[in-house]
Amino acid sequence: DMHDEADAEGAAEQEFVAEWWRLFGEKRLAAKEVLDIATESGISFRQNALNLAGRAAELGQEILPTMAGFVYDIDTDDGLYSLQIQKKKGKRGARATWAVVPFDANDPERATPAAHAAGRGSPYGRKTGEESPD
């Protein structure tokens, strides 16, 4: 059922963001450095992205940019955090890096909605600019 699939994908995204935050905080990383976390969290990859290089490319070029447009409310031992994935472009020729950062609607660098790939979205994340559910 499509609804169950969306729930599973949303739960995987929640787990991915929570584990990334727990392990690395705001440290900037290449997509390939969080590939194991994505895989273990259940992030779904296309069938043709079976090798590590293909999965890392899909994560960095499609999945993370899509997820960057959402805010994830993560419950931790330290309390509830509203987090988002943020991209930092590298200098000319360098690969982009990514970080999980606290969402701040007043910080334009941390509140930039991403262009969303067709067919991807999260029932658990909310688009930047949306109010947190009470």
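Predicted model: local features only at pLDDT ≥ 70, side-chain atom pairs only at ≥ 80, totals over all residues.
**View 1. The largest pocket and the residues around it.** Here we look into a pocket of about 320 Å³. On a 1 Å grid over the protein atoms alone, a pocket is an open set of points where a 1.4 Å probe fits, with protein on both sides within 12 Å along at least five of seven lines, and lining residues have an atom within 4 Å of a point. Helix H3 (residues 52–67) gives the largest share of the lining, five residues. The lining splits into seven nonpolar, two polar and three charged residues, and includes Lys32, Gln61, Arg95 and Trp98.

**View 2. Gln86 and its partner Arg28.** Gln86 sits in strand E2 (residues 79–88); strands are DSSP runs of E, at least two residues, and helices runs of H or I, at least four. With a relative accessible area of 7%, Gln86 is buried (under 20%, 1.4 Å probe, protein chains only). Its side chain makes a polar contact with that of Arg28, at 2.6 Å (N or O atoms within 3.5 Å, one able to donate a hydrogen and the other to accept it).

View 3. The average pLDDT, the predictor's confidence from 0 to 100, is 79 for the protein. Over residues 111–124, pLDDT stays under 50.

**Notes.** Residues are numbered from 1 along each chain as its sequence is written, and side-chain values use heavy atoms, without hydrogens or water. Local features need pLDDT of at least 70 and side-chain atom pairs 80 or more, while totals for chains, interfaces and linings use all residues.

Notes
Points joined across faces, edges and corners; volume = space filled by probe spheres on them. Nonpolar A, V, L, I, M, F, W, Y, C, P; charged D, E, K, R; others polar. Buried < 20%, exposed > 50% of the residue type's maximum accessible area, 1.4 Å probe, protein only. Contact = heavy atoms within 4.5 Å.
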